[in-house]
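Good morning, and thank you for joining this meeting. Please take a moment to look at the structure that I am about to show.

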Amino acid sequence: MPDASDLHQPQSSDGMDRRAFAKASSLVMAGGLIAGYGTMAYIAGRFLYSSTPRKLAWMFVAEAAKLHVGDTVEFRTPAGQTVTITRRGQEGTAADFLGLSSTCPHLGCQVHWEAQNNRFFCPCHNGAFDPAGKATAGPPAAAGQSLQQYPLKIENGLVFIEAPTELLG
Amino acid sequence: MTQFARWFRERVPIQGHVLREMTNEPVPNHLKHWWFCLGGTPAYLFVVQIVTGILLAVYYEPSPSTAYESVRYVTEQVPFGWFIRSVHKWAATLMIATVILHQMRVYFTGGYRRPRELNWMIGMFLLLCTLVVGFTGYSLVYEQLSYWGATVGANIAANVPVVGAIGKRLLLGGEAYNEKTLPRFFILHAAVLPVTMILLLSVHILLIRLHGVTELQFKADRDEKSKFFNFFPDHLYTEIIMGLVLMILLSALATILPVGLGPRADPLTTPEVIKPEWFFYVTFRWLKLFSGTAAVLSMGFIVFVMFVWPFIDSAISKYTRFAEASVWIGIVAVFAIVGLTIWEAAVEH
């Protein structure tokens with residue numbers, strides 16, 4: 001009848017005892033599990049992250065000659081953003097125009113123009129912006145944020161805007 | 001024993017008296033006070049939410065083009081649809097209210113103190129889950145409030161340093177609210193969060209059973225000989241009465257104040273006056289007071305302090321003379337929360 005402790009004695013016939021083998025194989029097993037489930041987690045993350053590339057395109061807005069200094073047109077991009085385009089100069093270049101996003105840089109609500117206060121106002125958290133898009137009050141002013149400007153260009157007397165083309169559902 | 005009883009006993013090998021002993025925990029006398037049932041109330045309402053939620057999910061279609069119409073169909077066409085939806089909405093409101101009251105009761109009676117710190121933290125997770133379930137719930141209706149609430153919520157997530165942008169993308173399924181967004185909110189609302197809450201609730205209740213309910217004594221109870229009464233049948237009857245009262249209350253609220261339907265979501269126009277549900281008035285006002293990142297970081301810090309409060313509290317009573325500071329801090333916190341909520345409710349902007 002062998003002593004119970006004999007069962008746990010190292011068997012060093014081939015250079016590696018049982019304990020070391022059990023330890024090494026456990027480590028390999030744990031490593032395999034982590035690698036396996038880690039890969040699964042990565043795949044799940046990529047699956048959820050759904051990265052559709054943002055497609056941009058130049059789009060026609062208005063004839064430059066028909067907009068006088070101070071005039072404003074509203075442009076809706078295919079992706080659903082409203083852009084307020086105002087003529088501010090008479091040089092005949094793209095620099096005459098300012099294309100301001102109506103999406104508040106704070107938390108993404110839509111700002112609207114308040115003529116009586118000469119400002120854009122965001123009803124969500126009381127953000128306010130001057131006609132050039134610079135924040136003057138509320139959380140966007142505290143963070144020094146401005147309304148996003150869209151790139152504009154003039155070709156053959158026509159004003160174009162560069163904006164995302166992806167559609168909202 | 002009949003043949004069937006023998007057959008059954010062989011397949012389910014548990015004796016009646018063992019089962020009774022397992023479930024029949026002695027309940028401390030103070031649980032006869034109604035405000036100690038506040039923990040069981042949200043649990044009961046949670047079951048109501050699961051049942052009514054499954055019923056609503058039968059008709060709900062989570063896509064921007066169909067969501068609003070499907071909710072309208074439930075509300076106006078399906079027999080008793082208005083009732084099921086109203087019960088779901090009112091049970092949610094009461095659930096959030098009772099979770100907050102339960103937490104306040106635990107806080108002010110010091111029920112989170114050693115050795116129950118971990119259960120307080122599990123309770124905090126449950127509170128956050130309840131709030132997020134509420135948020136994702138009203139986002140599903142695809143009203144104006146749903147749309148702008150979801151947009152604001154996702155952008156709050158984006159303000160979290162380092163992981164924020166990824167979090168927002170995972171939540172919305174894109175840079176901004178799009179056709180992939182609603183299914184994500186639906187899965188969170190109807191599967192991920194409820195399952196998480198069932199697991200957390202199980203551990204929450206298991207820990208209560210392992211520790212036993214905190215024993216408290218009130219002056220009026222001092223003369224009573226027995227400090228405990230039986231769970232079965234005494235406390236069970238209390239719970240059944242509570243369940244009946246809640247069902248009557250929910251039916252009455254759903255009938256007298258049925259849930260309506262706001263204007264359909266319009267991604268081009270944020271309404272002139274926009275408010276979240278009442279339980280987010282505090283955070284909404286907070287967001288108006290500070291810049292995005294500052295508001296998000298300070299809110300995160302406050303939630304963190306709430307999580308580890310049992311340890312802060314024990315450090316305060318260990319190293320300072322103010323052993324009962326938690327009561328005063330709690331009173332200030334309650335006044336601040338109520339004050340910010342009333343402020344937000346009272347003004348348009």
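This is a predicted model: local features need pLDDT of at least 70, side-chain atom pairs count only at pLDDT 80 or more; totals for chains, interfaces and linings use all residues.

Let me begin with chain A as a whole. Its secondary structure consists of two helices and 10 strands. Read from the N terminus, the order of these elements is α-β-β-β-β-β-β-β-β-α-β-β. Chain A has 169 residues, and 24% of them count as buried. If we take the contacts in chain A between residues at least 6 apart in sequence, 41% join residues at least 24 apart.

I now turn to the sheet. In chain A, four strands form an open sheet in the order E5-E6-E7-E8, and their pairing is antiparallel. Which strands lie at the edges? They are E5 (112-114) and E8 (135-137) of chain A, each of which pairs on one side only. On average, and with direction ignored, neighbouring strands of this sheet are turned by 40° against each other. Let us look at one pair in detail: E5(A) and E6(A), the latter covering residues 119-122, are joined in the antiparallel sense over three bridges. Here A:Glu114 stands opposite A:Arg119, a residue of E6(A).

Finally, how many residues does each chain bring to the contact? Chain B gives 31 residues and chain A gives 21 residues. On the side of chain B that touches chain A, the elements giving two or more residues are the helices H7 (144-158), H8 (164-172), H11 (281-289) and H12 (292-307) of chain B. H7(B) provides the largest share of that side, with five residues.

Technical notes. Residues are numbered from 1 along each chain as its sequence is written. Chains are lettered from A and ligands numbered from 1 in the order in which they are written. Two residues are in contact if their C-beta atoms, placed from the backbone, lie within 7 Å. Two strands pair if DSSP finds at least two bridges between them. Axes are lines fitted to C-alpha atoms, for helices over the stretch in contact, and angles run from 0 to 180 degrees between N-to-C directions. A residue is buried if 20 or more other C-beta atoms lie within 10 Å of its own, exposed if 12 or fewer, and partly exposed in between; C-beta atoms are placed from the backbone.
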